[in-house]
Amino acid sequence: MDQKDLRYSATHEWASLEGGVVTLGITKFAVEQLTDVVYIELPDPGDNVFAGESFGEIESVKAVSDLYSPVDGEIVGINEKLLDDPTIIAQDPFGKGWMVKIKIEPGQTLDKLMTLPQYEKQIASQDH
Amino acid sequence: MANRTPLHDWHATHGGRMVDFAGWDMPVQYTSITEEHQAVRNAAGLFDISHMGRLTFTGTDALDLIQHVFTNNAATLKEGQVRYGLVCNEQGGIRDDVLVYRWPTYGYAMVVNASNRDKIVAWLAEHKGSRQVMIEDRTLDSAMIAVQGPGALELCRGVTPFDASQLAYYYSAHTTYRGQECVVSRTGYTGEDGVEYMVPAAAGAALWEALIGRGARACGLGARDTLRLEAAMPLYGHELGEEIDPLQAGLGWAVKLDKGDFIGRDALLRRRDDPTLRVRVGLEMAGKRIAREGSILSRDGKEIGRVASGTFAPTVAKAIAMAYVARGCAEPGTTLDVDVRGKSEAARVVPLPFYKRPKA
C-alpha cells in the first residue's frame, strides 16, 4: 500500500479505510524499533476493539509491546500468516504484514489520525 | 554524562543503537539481535566489554586479600589461570560474580561487573586491613574486547605474537598488540569458545578494527544477553544479587568451603541446608509468549517462584527463562504456571544449560 494514502497513530499503527473496513498494521519505524519480532498475538474475528485500547501484542527478543486500535469496531479478519511467521511484519510492514481488518460504523472516518507528513514529523522528533 | 568506552565512536558510526548500561553508553545491537546471536553460534562475534571493571592486585598480600573476599580458591591458580567465583557479603548474599586471573610472577587481576565496580573497589578497600597490597582500577585506561564463536580462535591467529589457541580453556597470557601490552585469555560469556583481549585504551580501536577486518561481526549487549541466557550463565541484577547466595544460584562449584575462611563462609554453611531457600532453574515455555523478569510462577494456584530473566532463545528457538522456585518445584519435568502480563501460561522446568556447544 502506498504510504501516502495511509493514516497513522501516535503509537505507530497505520490504517487504511475502504468500504467501511479498516486495515491495520504497524509502521516500518515501529518494526525497526522493535527488531527481532518473535511472536504476535491477534484478536479473534468477531471480537470488538476500541479506540486507544490494546487489541493484541507484539513480542521481540528484547521487549513486548501492545498493539492499539485507533478506531472502535469489530474484527472481521486477521492475518493468520503472521501467527506462523511474524518476520513477515518486518519484511513488508505496509503490505503483507497487515494485522487485522476492523469493520467500523458507517460515517466513521480516520480523520483524527495523522497524515504521512505529520507522522514523519513525529518520528523525526523521536529518532535520534 | 555516561561513560564511554574507547570504541564508542566506532559503535556510534556503525549503526550501534546506544543505550545506558550501568552508567555506560553501550550498543545494544547494530543490525539485529538474532543475526548477531547466530554469528556467534556459527562463526565469530565481537563484543566491546570495556565497560567491565578491571582491577589489578600487586604486593605480597594480594593473594591473601583475594582469598578473603572470593568464594573460589585462588591459591591453587597456576600462572595465567583464570577462575570464576563470587564475592559475598557477610550474610552469604552475592555482591558480585567475578573472574580472578593469576598474572605471571607479579600479581593478580579481577574482572568485575560494570554495575558493581564502585561497590567492589570500596569493598576491597574496606577489607584490605593491614595487608600489603596495591589495588589499581585499570578500567578507564584500558579496553576489553571479546571474540566469541567456533571461528574465534582461527580468526585471532596472528593478531598477537602469542597465539590464543595455545591456551587451555580459562587460561590467559601476557603478550603484545602492535608493541603495546596485551593480555589474551580463553574466556567468555556466550557459551562458545573464544578469546578476550585487554589492551591499553589507545590501542582498543585499532584492535577492534583489525578483528572486524578479519571477519568478526560486531555484536551488542542484546545478543550477549540471549547468548548467556541460552548457556545458563547468570547475570548480576537478575539471577544474582545481595539477597541470593551462590548455593541457591547453582554455583556451589565456585564456592570452596574447605579452602579456609572467607567473607560469607559461615552464613553459607548455615544456608546450605535451608530448605526454604528457592533455587535457580531453567524454564521452557509451552507457548511463544515470553516470561520476563518478575513474572510470578505458581503451582496449584500457590506462588512458588519468580522469573529472573527470560527471552526468546534464537538457537533453541523457544521462549526460555531462568527462575527461582521453591525446592519442591525444581525437578526437571515439573510443570508450572507463569503469569505473563495477566494471562497464565504453561512452563516446564528443564535442565540447565539450554544450549551446550557441540564438542569439537
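Visitor: Leaving aside its neighbours within four places in sequence, which residues is B:Tyr108 in contact with?

Guide: Two residues are in contact if their C-beta atoms, placed from the backbone, lie within 7 Å. By that rule B:Tyr108 touches B:Phe57, B:Ala62, B:Leu63, B:Ile66, B:Ala74, B:Val100, B:Tyr101, B:Arg102 and B:Trp103. A word on the source: this is a predicted model, where local features need pLDDT of at least 70 and side-chain atom pairs count only at pLDDT 80 or more, while totals for chains, interfaces and linings use all residues. Residues are numbered from 1 along each chain as its sequence is written, and chains are lettered from A and ligands numbered from 1 in the order in which they are written.

Visitor: Which residues have the most contacts inside the largest nonpolar core?

Guide: A nonpolar core is a set of buried Ala, Val, Leu, Ile, Met, Phe, Trp, Tyr and Cys residues joined through C-beta atoms within 7 Å. Buried means that 20 or more other C-beta atoms lie within 10 Å of a residue's own, again placed from the backbone. The largest core here has 126 residues, and B:Ile66, B:Tyr108, B:Met110, B:Ile145, B:Val147 and B:Ala323 have the most contacts inside it. Strand S17 (residues 318-325) of chain B gives the most to this core, with 7 residues. Another core, of 5 residues, lies apart from it and includes A:Leu6, A:Tyr8, A:Trp14 and A:Leu113.

Visitor: How many helices and strands does chain A have?

Guide: Helices (H or I, at least four residues) and strands (E, at least two) are DSSP runs, numbered from the N terminus. Chain A has 4 helices and 9 strands, in the order β-β-β-α-β-β-β-β-β-α-α-β-α. Its C-alpha trace spans about 40 × 35 × 25 Å along the principal axes, and 38% of its 128 residues are buried.

Visitor: Where does chain B meet chain A, by element?

Guide: Contacts link 11 residues of chain B with 8 residues of chain A. On the chain B side, helix H2 (33-42), helix H7 (221-230) and strand S16 (302-313) give two or more residues each.

Visitor: Why is H2(B) called largely enclosed?

Guide: Because 7 of its 10 residues are buried, H2(B) is largely enclosed by the rest of the structure. The buried ones are B:Ile33, B:Thr34, B:Glu36, B:His37, B:Ala39, B:Val40 and B:Arg41. Their cover includes strand S2 (24-29), strand S3 (45-48), strand S9 (142-148), strand S13 (217-218) and H7 of chain B.

Conventions: Buried ≥ 20, exposed ≤ 12 C-beta atoms within 10 Å, placed from the backbone.
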